[in-house]
Amino acid sequence: MAAKSEFDPQLIISHKFPESTYSYTERDAALYALGIGACSKDALDNKELKYVYHPDGQQSVEVLPTFAALFSMGLQSEIAKIPGLDFDPRLLLHGQQYIEMYKPLPSHGCLLNKATVAGLHDKGKAAVLEIEILSYEKESGVLLCMNRMAVYLRGAGGFSKSSQPYSFTKYSSNQTLAYKIPRSQPFAVFEDCTQSSQALLYRLSGDYNPLHSDPMVAEIAGFSRPILHGLCTLGFAVRAIIKSICRGEQKMIKNISGRFLLHVYPGETLITEMWIEDLRVVYQVKVKERNRAVLSGVVTLDRLSSSL
Ligand SMILES: CCC/C=C/C(=O)SCCNC(=O)CCNC(=O)[C@H](O)C(C)(C)COP(=O)([O-])OP(=O)([O-])OC[C@H]1O[C@@H](n2cnc3c(N)ncnc32)[C@H](O)[C@@H]1OP(=O)([O-])[O-]
């Protein structure tokens with residue numbers, strides 16, 4: 001039997017990912033929009049139809065900002081290859097996602113991704129690994145967006161050599177978006193139902209992890225059935241903000257952060273509560289059936305809608 005490799009933080013944080021490309025078409029953008037519930041309540045919704053159909057042709061469809069998170073998905077298979085990172089991939093959960101938009105996303109594109117390890121933390125019962133991905137338009141070299149994703153590796157913590165838990169971060173503390181959920185009544189509340197087939201539809205956007213489709217794999221991971229992709233829940237939440245606060249104008253969004261607090265089962269109802277603090281929208285998503293918070297974070301806008 002092969003010897004279990006040692007968890008080696010220095011090896012992990014100095015890891016160099018190969019550059020990768022990501023290509024998408026208008027069809028991918030539209031399929032993604034359907035996967036996060038666009039037009040699911042109303043196929044005539046003029047604030048959402050533009051993500052899946054345009055009378056001038058598919059090349060004119062608009063792209064939701066959370067589509068940018070898909071650019072980081074190819075990294076999933078790379079995580080398992082990082083030397084020194086000893087973990088059980090079946091216990092990996094998506095912990096956090098941060099997306100910074102520099103340009104509106106075109107309806108199709110070919111991108112060059114440059115990824116680095118941005119953080120590694122020993123949480124005792126888990127290790128948290130952060131990866132930052134810069135996505136450039138391949139032909140022009142223009143930087144479109146940045147993703148920083150944190151994966152929560154259950155069972156992989158406890159690797160610190162000193163009494164102080166190991167913690168490495170590449171970015172300064174003022175880049176972490178600290179926020180508190182206000183105690184006041186939310187400015188807006190948006191309720192949306194996910195379908196029982198939601199994860200089966202969403203996975204076609206490129207995240208084929210069987211945790212979201214295979215009951216046996218879900219059970220090994222500790223769930224009674226397959227769970228929804230964290231980025232699908234994030235997509236629902238940001239869509240709720242675009243509808244309720246941005247009046248359907250997705251280009252107002254500058255950056256998005258979210259922490260996944262609890263799993264969501266496909267078919268559950270999501271209630272997104274939103275509070276406006278200057279140009280920031282603090283939000284929290286609850287699952288109605290269990291009355292539990294499943295996601296919270298902040299979305300920063302470039303301006304407020306004049307009709308608010
Ligand atoms: C990526 C592609 C694959 C996609 C997969 C999916 O979509 S999976 C589906 C989508 N994802 C999901 O469904 C996951 C939903 N989330 C969960 O199930 C749980 O939140 C958990 C299991 C991630 C952590 O619960 P727990 O009871 O084990 O944790 P605790 O409260 O005892 O805190 C321990 C320490 O960890 C910290 N920390 C805590 N949470 C997070 C976080 N999210 N993120 C980062 N860090 C986090 C916390 O601050 C604390 O550190 P401190 O302060 O001591 O230095």
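Is Lys288 buried, partly exposed or exposed, and what is its relative accessibility? Lys288 counts as partly exposed, at 44% relative accessibility, where buried means under 20% relative accessible area, exposed over 50%, and partly exposed in between (1.4 Å probe, protein chains only).

The structure is a predicted model, in which local features need pLDDT of at least 70 and side-chain atom pairs count only at pLDDT 80 or more, while totals for chains, interfaces and linings use all residues. Residues are numbered from 1 along each chain as its sequence is written, and side-chain values use heavy atoms, with hydrogens and water left out.

The domain assignment, which is automatic or taken from a database, divides the chain into domain 1 (6-173) and domain 2 (188-301). Their C-alpha centres are separated by 15 Å. In domain 1, 38 residues are in contact with 37 residues of domain 2, contact being heavy atoms within 4.5 Å. About 3,100 Å² is buried between the two domains, with carbon and sulfur atoms giving 57%; buried area is the accessible area (1.4 Å probe) that two parts lose on being put together, summed over both.

Between the domains there are 17 residue pairs in polar contact (both at pLDDT 80 or more). A polar contact is a pair of N or O atoms within 3.5 Å; within protein, one must be able to donate a hydrogen and the other to accept it, and residues adjacent in sequence count only if both atoms are side-chain atoms. On the side of domain 1 that touches domain 2, β2 gives the most, with ten residues. Helices (H or I, at least four residues) and strands (E, at least two) are DSSP runs, numbered from the N terminus.

The whole structure contains 16 salt bridges, and four are counted between domain 1 and domain 2. A salt bridge is a side-chain nitrogen of Lys or Arg within 4 Å of a carboxyl oxygen of Asp or Glu. Glu48 is in the loop between α2 and α3 (75-79) and Arg239 in helix α6 (residues 230-244), 191 residues apart. Glu48 is buried at 3% relative accessibility, and Arg239 is buried with a relative accessible area of 3%. Both belong to a network of salt bridges that also links Lys41, Asp45, Asp192 and Lys243.

Lys288 pairs with Glu191 in a salt bridge, the closest N and O atoms being 3.0 Å apart. Glu191 is partly exposed, at 36%.
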